[in-house]
Amino acid sequence: MGKSRNARRGRAVAAAVVEEVDGGLAELIPDRERARGWTLLIDGAPQSHVDLDDPAYLSFEYQRRLGHVIDLVAPSGKPVHAVHLGGGALTLARYVAATRPRSTQQVVERDAGLVQLVRRELPLDPGARIRVRSVDARAGLAKVPDGWAHLIIADVFSGARTPAHLTSTEFLDEVRRALGPGGVFAANLADGPPLAHLRGQIATAAHRFPELALIADPAVLRGKRFGNAVLVASDLPLPVAELTRRAASDPHPGRVEHGRALTDFTGGAVPVTDAAAVASPAPPPSVFT
């Protein structure tokens, strides 16, 4: 049974919440700059940030990029059907609920202990239509009705690595089945030099989707450092120009690759199948220091 430390007697004495969950040691660290802001870490690795007063605020670089994708799936205020594979602190589900009220969302987060912690310490808006399933991401995706989703976001990490069974063409077959026509799939990927995992994931997505775009820090794309990249895929043309503009205007500007440049970036990588799939590489210790 996990131990919890929690001071709630006022902002001046707010303390971290520390608790053992299924996936390791979870920490909720108060944000000194935002009165009801919290950062979630698992075994020391930052997972997500939430501002309970302003759920439309996205602090983490990769979450801002996923926020851009959400904003371009449907106009602000228009409800969507969204599936989130990987829950964390439910940041992006909160974002969708705040920017597109009446949206219906399913969150698949295997770590039941983490879900309980987040629900208790960072409660959801009771009016939000968010259902959370504590099952494996691929098993949860299999329960989504055919063509139900306008948007599927994959942001699943176990020990700071994406599990192998969420990197294959067979996994993307399930994604395509659950997406409606024109639906969008977005995945948070993490890799470093020589970027073999990232190149393989682009090749895998290209084997299942005709339209792709990749948003990442230029230094990551050049193989200069380990970092996140957001892969976006659809069966219809993506709003690449607007994605490019938004990514470039972020506090940490990102670059968008698509078309021939993205194909060339794969360097001849081949699609990943279940039989050959491996987890994404572990980040070097320096990433979190």
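Helix 1 and helix 8 cross in a right-handed manner (right-handed if the near helix is turned clockwise from the far one by less than a right angle, left-handed if anticlockwise). The model is predicted, with local features requiring pLDDT of at least 70 and side-chain atom pairs pLDDT 80 or more, while totals for chains, interfaces and linings use all residues. Residues are numbered from 1 along each chain as its sequence is written, and side-chain values use heavy atoms, without hydrogens and water.

Helix 1 (residues 61-73) packs against helix 8 (residues 240-248) at an angle of about 145°, the axes being 10 Å apart. Helices are DSSP runs of H or I of at least four residues, and strands are runs of E of at least two, numbered from the N terminus. Axes are lines fitted to C-alpha atoms over the stretch in contact, and angles run from 0 to 180 degrees between N-to-C directions. His68, Val69, Asp71 and Leu72 of helix 1 meet Glu242, Leu243, Arg246 and Ala247 of helix 8 (contact: heavy atoms within 4.5 Å).

The structure holds 20 salt bridges (a side-chain nitrogen of Lys or Arg within 4 Å of a carboxyl oxygen of Asp or Glu). One of them joins aspartate 250 to arginine 64, with the closest N and O atoms 3.1 Å apart. This pair links distant parts of the chain, 186 residues apart: arginine 64 lies in helix 1, and aspartate 250 in the loop between helix 8 and strand 12 (255-258).
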